[in-house]
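These notes follow the order in which I read the model, from the whole chain down to single residues. Please keep the structure open while going through the points.

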Amino acid sequence: MSTSWPDRRILDLLAIELPILQAPMAGSALGDLAVAVSAAGGLGALACASLSPDRIREEVSSIRQRAPGPLNLNFFSHPTPQSDSQREASWRSRLAASGAALGVEPAGSSGPGGRAPFDATACALVEELLPEVVSFHFGLPSSDLLERVQATGARILSTATTVAEARWLEDHGCDAIIAQGIEAGGHRGMFLTTDLNTQSGTMALLPAVVDVVSVPVIAAGGIADARGIAAALGLGAAAVQLGTAYLRCPEAASSPLHRAALREAANRTTALTNVFTGRPARGLVNRLMLELGPIACDIPEFPLPAVMLAPLRAKAESMGLEDFSPLWAGQAAAMATEIPAAELTRLMAAAALEISQASVMA
């Protein structure tokens with residue numbers, strides 16, 4: 001099928017057969033999903049920011065044994081959070097009020113919150129494991145670390161949520177740029193601004209980015225079927241990145257609570273919120289978002305709120321409650337299905353190609 005795609009830039013750059021990238025979703029996507037998407041001809045990904053070096057080695061070894069194709073290792077590039085005792089005490093007090101019925105107090109704010117920034121240790125791991133693709137969220141790491149990653153031969157991807165961020169990423173060495181619309185589930189990749197008013201929908205952001213950069217652009221956000229893929233390709237994307245579309249697949253590591261919420265997505269809404277981690281991210285609306293947000297002011301820096309929230313979340317989940325759990329999902333969540341990921345990837349690609357070819361012939 002790959003020879004029929006009119007735009008082969010991403011296919012040739014990443015050595016894949018289909019212009020579909022699996023989004024690296026921390027906590028919801030591990031080796032099984034990456035293997036399935038890669039087996040279908042797309043690009044599988046592993047979210048590394050929430051995993052220990054040993055766990056990353058184990059996952060990569062397992063993936064390599066089952067899927068010989070290219071692999072994307074994804075890392076966060078956020079700055080190390082600066083402690084603010086007054087802000088943290090205030091937020092802890094608000095969490096305590098929310099969790100009083102559970103009889104659980106929020107934790108202290110020390111620790112990485114399960115989300116470590118890319119550092120020298122992570123860079124050495126990349127040099128050891130030699131992934132074909134390394135992607136970043138929240139910008140890029142320091143120039144010395146980035147140069148070491150580039151020296152391994154890995155292709156570099158990162159996420160832009162504005163035209164300015166896309167230009168910056170190209171100027172700083174990205175081989176391709178992921179244009180993330182506001183519909184996307186999970187964390188916004190924004191890094192040059194904190195102003196949510198700068199954030200555009202995918203179909204507005206995508207052509208604007210395509211027009212100002214020379215590297216291939218990958219569309220992300222609100223795309224969960226062949227129609228969305230074809231639309232993105234028609235607006236100049238060389239490929240798409242899909243996340244929420246895979247969350248109900250059997251290979252996804254989504255929790256039972258998360259899966260249950262996704263099954264009801266047609267009757268629920270999503271919103272951007274910062275109350276779970278300190279950075280804006282899109283998820284299905286639940287109790288914590290309603291009580292403290294969805295966007296809260298004077299919240300501790302990312303990812304400290306996740307550390308403080310952990311005891312409340314664990315207690316609620318043990319009771320079968322989703323009240324304090326981030327149910328990350330994009331605006332197209334209702335379109336997610338339980339089809340195996342490899343089959344879903346092939347079906348979407350084939351149908352998108354058919355739509356695209358019919359549009360050209362019309």
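1. On terms of exposure: a residue is called buried when its relative accessible area is under 20%, exposed when that area is over 50%, and partly exposed in between, as judged with a 1.4 Å probe and protein chains only. By that scale, 55% of the 362 residues of the chain count as buried.

2. On the basis of the values: this is a predicted model, in which local features need pLDDT of at least 70 and side-chain atom pairs count only at pLDDT 80 or more, whereas totals for chains, interfaces and linings use all residues. Residues are numbered from 1 along each chain as its sequence is written, and side-chain values use heavy atoms, with hydrogens and water left out.

3. On the overall form: the chain has 13 helices and 11 strands, where helices (H or I, at least four residues) and strands (E, at least two) are DSSP runs numbered from the N terminus. The C-alpha trace spans about 60 × 45 × 40 Å along its principal axes. The radius of gyration, taken over C-alpha atoms, can be set against a globule rule of 2.2 Å times the number of residues to the power 0.38; for 362 residues a compact globule would come near 21 Å, and the chain, with 20 Å, agrees with this.

4. Grid points are joined across faces, edges and corners, and the volume is the space filled by probe spheres set on the points. The second largest pocket holds about 530 Å³ of space. It is lined by 26 residues, of which Thr194, Gly278, Arg279, Pro280 and Phe302 are the closest to its centre. The lining is made up of 16 nonpolar, seven polar and three charged residues, where Ala, Val, Leu, Ile, Met, Phe, Trp, Tyr, Cys and Pro count as nonpolar, Asp, Glu, Lys and Arg as charged, and the others, Gly among them, as polar.

5. On backbone geometry worth checking by eye: most residues other than glycine have a negative phi, and most peptide bonds are trans. In the loop between helix H11 (287-292) and helix H12 (304-318) lies Pro294, which is joined to Gly293 by a cis peptide bond with omega about 10 degrees. Pro303 is found in the loop between H11 and H12 as well, and the bond from Phe302 to Pro303 is cis, with omega near 0 degrees. Asp298, also placed in that loop, has a positive phi near 55 degrees and is exposed at 56% relative accessible area. Elsewhere, Ala15 has a positive phi near 60 degrees; Ala15 sits in the loop between helix H1 (9-14) and strand S1 (20-22) and counts as exposed at 57%.

6. On salt bridges, meaning a side-chain nitrogen of Lys or Arg within 4 Å of a carboxyl oxygen of Asp or Glu: the structure holds 15. Arg148 pairs with Glu127, the closest N and O atoms being 2.9 Å apart, and this pair links distant parts of the chain, with Arg148 in helix H6 (residues 143-151) and Glu127 in helix H5 (residues 120-129), 21 residues apart. Arg148 is partly exposed at 31%, and Glu127 is partly exposed at 32%.

7. Asp54 and Arg57 are joined at 3.0 Å and both lie in helix H3 (residues 53-66), three residues apart. Arg57 is partly exposed, with a relative accessible area of 31%.

8. On cysteines: with a disulfide taken as a pair of cysteine sulfur atoms within 2.5 Å, the count comes to zero. Cys123 is in no disulfide, the nearest cysteine sulfur, that of Cys48, being 13 Å away. Cys123 is buried, with a relative accessible area of 0%, and Cys249 is buried, with 0%.

How values were computed. 1 Å grid on protein atoms, 1.4 Å probe; cavity = no way out; pocket = protein on both sides within 12 Å on 5 of 7 lines; lining within 4 Å.
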